[in-house]
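Me: I am new to this structure and would like to learn how to read its features. Could you take me through them one at a time?

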Amino acid sequence: MLRVGLTGGIGSGKSMVAARLAHCGAWIIDSDRIAREVVEPGTAGLRAVVDNFGDDVVAEDGTLDRPALAARVFDDAEARHRLNAIVHPLVAARSAELTAAAPPDAIVVHDVPLLVENNLAPRFPLVIVVYADAAVRLRRLVEQRGMAQPDAAARIAAQATDAQRQAVADVWLDNSADPECTLAAVDRLWAQRLVPFEINLRHHGGAARAAGPVVVAQDPTWPDQARRVIARIAAVAGERAHRIDHIGSTAVPGLDAKDVLDVQVVTGDLATTKRIADELIAVGLVSQPGRWSDNARDGSTWDKAMATNADPARAVNCHIRTAGSPTWREALLLRDWLRAHPSGVIEYAQLKHGLAAQQWDSIDAYARAKTPFVHAALDRAEHWAQRMGWQMV
């Protein structure tokens with residue numbers, strides 16, 4: 001199944017988007033609703049809250065007095081930590097139960113208001129953020145929910161910033177204006193991205209790509225997109241990864257490239273590379289079958305594992321290499337040399353555009369045609385590295 005994280009600030013319209021996704025066919029798991037369920041009367045969750053915060057957080061009817069509890073923890077970080085330590089594991093366990101109950105071909109949307117604040121984004125293959133301007137959100141909270149303006153402003157200020165949400169957003173839905181436009185965007189997202197993403201994952205297949213090379217102008221958001229991919233890979237690989245880096249042309253500012261993020265994972269041995277490649281399906285990358293290898297500059301050949309994107313809207317090549325291979329170091333050296341040499345960037349871009357204008361039987365053939373430049377650049381890069389005392393960072 002495909003798991004999607006959905007979040008947005010209070011008053012952004014996240015619930016409207018969740019409802020539309022449900023209408024499209026999504027399996028919705030509402031973290032706020034679960035958080036209420038796990039502290040209902042008679043639950044172990046409510047007993048734990050009372051044990052920690054006292055009987056005055058319980059209303060006369062035996063339910064949790066949420067305003068009283070909120071007042072206790074709003075300005076007290078230690079109290080919030082204690083509350084979260086009670087509620088979050090219960091919510092996670094219940095969410096896991098509901099996810100397990102979903103059909104195998106489900107698109108499971110986890111509606112999580114504090115997804116950013118709790119650093120949950122790397123757990124999902126895709127994150128949708130619903131955005132609305134702070135002034136719009138404030139007006140909605142006052143007019144539609146009847147909140148006092150100072151209270152509404154305080155709630156907004158206590159949550160993640162727009163920049164923090166944008167850093168984790170694979171999809172940014174602007175709901176500041178016409179909600180009908182937002183709903184239409186949700187419908188397109190469902191049909192054009194989420195449905196094919198789920199199908200690719202279920203069949204363990206990578207998303208389709210152009211048959212030939214298409215070189216585009218450098219996208220300044222490539223590094224941010226790569227950081228999101230790396231965070232997901234790190235969540236799966238853990239300590240088995242010696243390092244994870246954004247490599248290739250999209251990692252070099254100003255360099256035109258194919259719109260494909262290349263990410264490198266370095267591990268201890270070949271068996272580990274293959275295990276990680278298989279496990280990356282949990283975060284939307286699919287292991288590629290068969291034998292994969294690199295040719296080092298010295299002519300030696302080194303096996304690796306590969307995983308590519310199931311997401312039709314974000315192409316990724318994840319190269320999983322062993323620490324004993326020289327090719328992982330060469331990938332970093334070439335990247336850093338290009339970053340330090342604008343003339344090399346211009347030369348490489350001209351080569352790319354010239355080759356892309358030709359007819360190629362495969363992307364591999366196009367890549368092989370670049371090999372003489374890459375090897376020559378690595379020769380220059382080695383001299384530069386020795387002269388500058390270059391260290392891999």
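Reply: Gladly! Let us start with accessibility: buried means under 20% relative accessible area, exposed means over 50%, and partly exposed lies in between (1.4 Å probe, protein chains only). At 38% relative accessibility, D259 therefore counts as partly exposed. Please keep in mind that this is a predicted model, where local features need pLDDT of at least 70 and side-chain atom pairs count only at pLDDT 80 or more, while totals for chains, interfaces and linings use all residues. Residues are numbered from 1 along each chain as its sequence is written, and side-chain values use heavy atoms, with hydrogens and water left out.

Me: How many helices and strands are there in the protein?

Reply: Helices (H or I, at least four residues) and strands (E, at least two) are DSSP runs, numbered from the N terminus. The protein has 15 helices and 13 strands. Its C-alpha trace spans about 80 × 45 × 45 Å along the principal axes. Of its 393 residues, 46% count as buried.

Me: Back to D259: where is it found, and which residues does it touch, not counting residues up to four places away in sequence?

Reply: D259 is in the loop between β8 (257-258) and β9 (261-267). Contact means heavy atoms within 4.5 Å. Leaving out residues up to four places away in sequence, D259 touches V214, V216, W222, R314 and A315. The C-alpha atoms of D259 and V316 are separated by 8.8 Å, although these residues are 57 apart along the chain. For the protein as a whole, take contacts between residues at least 6 apart in sequence: 72% of them join residues at least 24 apart.

Me: What should I look at in aromatic pairs, and how many does the structure hold?

Reply: A pair of aromatic rings is described by the distance of the centres and the angle of the planes. Rings of Phe, Tyr and Trp (its six-membered ring) pair if their centres lie within 6.5 Å; planes under 30 degrees apart count as stacked, over 60 as edge-to-face and the rest as tilted. The structure holds three aromatic pairs. One of them is Y348 with F373, a stacked pair at 4.6 Å centre to centre with 15 degrees between the planes. Y348 lies in helix α13 (residues 342-356) and F373 in helix α15 (residues 371-388), so this pair ties together parts that are 25 residues apart in sequence. Both Y348 and F373 are buried.

Another pair, W360 and Y366, is edge-to-face, at 6.3 Å centre to centre and 75 degrees between the planes. W360 counts as partly exposed because its relative accessibility is 22%, whereas Y366 is buried, with a relative accessible area of 0%.

Me: Which residue lies over the face of Y348?

Reply: A charge sits over a ring if NZ of Lys or CZ of Arg is within 6 Å of the ring centre and within 35 degrees of the ring normal. Here K352 lies over the face of Y348, at 4.5 Å from the ring centre.

Me: How do I read helix packing, and at what angle do the axes of α13 and α15 cross?

Reply: Two packed helices are described by the angle between their axes and the distance between the axes. Axes are lines fitted to C-alpha atoms, for helices over the stretch in contact, and angles run from 0 to 180 degrees between N-to-C directions. Angles under 35 degrees count as roughly parallel, over 145 as roughly antiparallel, 65 to 115 as roughly perpendicular and the rest as oblique. The axes of α13 and α15 come within 12 Å and cross at roughly 170 degrees, which means that α13 is roughly antiparallel to α15. In this contact, G344, E347, Y348 and L351 of α13 meet F373, V374 and R380 of α15.

Me: And how do α12 and α15 cross?

Reply: Helix α12 (residues 327-340) and α15 have axes that come within 9 Å and cross at roughly 80 degrees, so α12 is roughly perpendicular to α15.

Me: Last one: what is the phi of N119?

Reply: Most residues other than glycine have a negative phi. Phi of N119 is near 55 degrees, a positive value in a residue other than glycine. N119 sits in the loop between β3 (107-111) and β4 (126-131) and counts as exposed, at 59% relative accessibility.
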